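Hi there,

Here is the structure I promised to send over. Have a look at it first, and then read on for what turned up.

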Amino acid sequence: MKLHWSPKSPFVRKVMVCAHELGLADRLTLVRSVAAMQKPNPQIMADNPLSKIPTLVLDDGRTLFDSAVICEYLDAQAGGRLFPREGDERWRALRWHALGTGLLDALILWRNEREREAPLPALLDAFSLKAEACLALLEREAGALGAAPLSIGSIAIGCALGYLDYRFDALGWRGKAPALAGWFAALSERPSFAATRVVEG
Ligand SMILES: N[C@@H](CCC(=O)N[C@@H](CS)C(=O)NCC(=O)O)C(=O)O
C-alpha cells in the first residue's frame, strides 16, 4: 500500500500511529508528498481530488481518504481493536476522535491565519478561545482517558497535543492542563508515538 505522507502532518501521524499499533507499518510504502492549501499538488490529486494527505493507495489501485477512513480500514485489516464496535466505549472513542481531529482542524486554520500578512483579529481570538476550551474539557477528562484502552480517540487527541508542541509551543498548554500533560507523557512513550514524532523534513 502506498501512503502519501509527510513527517510534518498530524493527520498522517494519526494513520502512522494506528499502523504501528496494528503491526501494519511495514506494509506501507511512504511517498513524501507536499500538501499545501494554497498550492494543490497534482501528484496527490491523481489519487485524491482534495489534494490532502494522508491519502492511501491500495495494492489494487483503489484509493482511500481521509485519515479517519484510512485508520478504520487499517483497523479492519488487523481484526479491529482501535474502533470499539459497540456500547459506551464506541461512542466515547468516536467523541474523543471528533474532539482531537476538530482541535487539529482549528489549529491548522489558526496557523494559516496567523501567518497571513494581515490576520483577522476576530479569527485569531476565536481559534484561541476554542483551543483553550478543548484543553479545559480534556483536562477534566484526563482521568477517563488514562483509564480507557487505547483507541482511535486517544490517538487523535495525542496527535493534536503533539501538534500543539510542534506549532504552538508558546501556548504553554501543559501549565493549563497538568493532568492531561501527565497522560500525554505516558502516551508519548508508546513505541507508536515515539516512532512518529512530528518533525521538519
Ligand atoms: N480531514 C482530513 C484533513 C487532512 C489535512 O488537512 N491534511 C493537511 C496536511 S496536515 C493537508 O493535506 N492540507 C492540504 C490542503 O488543505 O489543501 C483528514 O483527516 O485526513
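Which helices each supply at least two residues of the lining of the largest pocket? They are α1 (10-21), α3 (67-77), α4 and α7, where helices are DSSP runs of H or I with at least four residues, numbered from the N terminus. Please keep in mind that this is a predicted model, in which local features need pLDDT of at least 70, side-chain atom pairs count only at pLDDT 80 or more, and totals for chains, interfaces and linings use all residues. Residues are numbered from 1 along each chain as its sequence is written, and side-chain values use heavy atoms, with hydrogens and water left out.

**The pocket**

Lining residues have an atom within 4 Å of a pocket point; a pocket is an open set of points on a 1 Å grid over the protein atoms alone, where a 1.4 Å probe fits, with protein on both sides within 12 Å along at least five of seven lines. The largest pocket is lined by 34 residues, and Ala35, Ala36, Met37, Ile53 and Ile108 lie nearest its centre. α4 gives the most to this lining, with 7 residues.

**Helix α5**

Residues 121-140 form α5, which has 20 residues. Its buried residues (under 20% relative accessible area, 1.4 Å probe, protein chains only) are Phe127, Ala131, Cys134, Leu135 and Leu138. Seen down the axis of α5, they fall within an arc of 100° (taken from the directions from the helix axis to the C-beta atoms), so they line one face of the helix. On the other side, Pro121, Ala122, Asp125, Leu129 and Arg140 are exposed, meaning over 50%.

Best wishes

Note on methods:
The expected span of a helix is 1.5 Å times one less than its number of residues.
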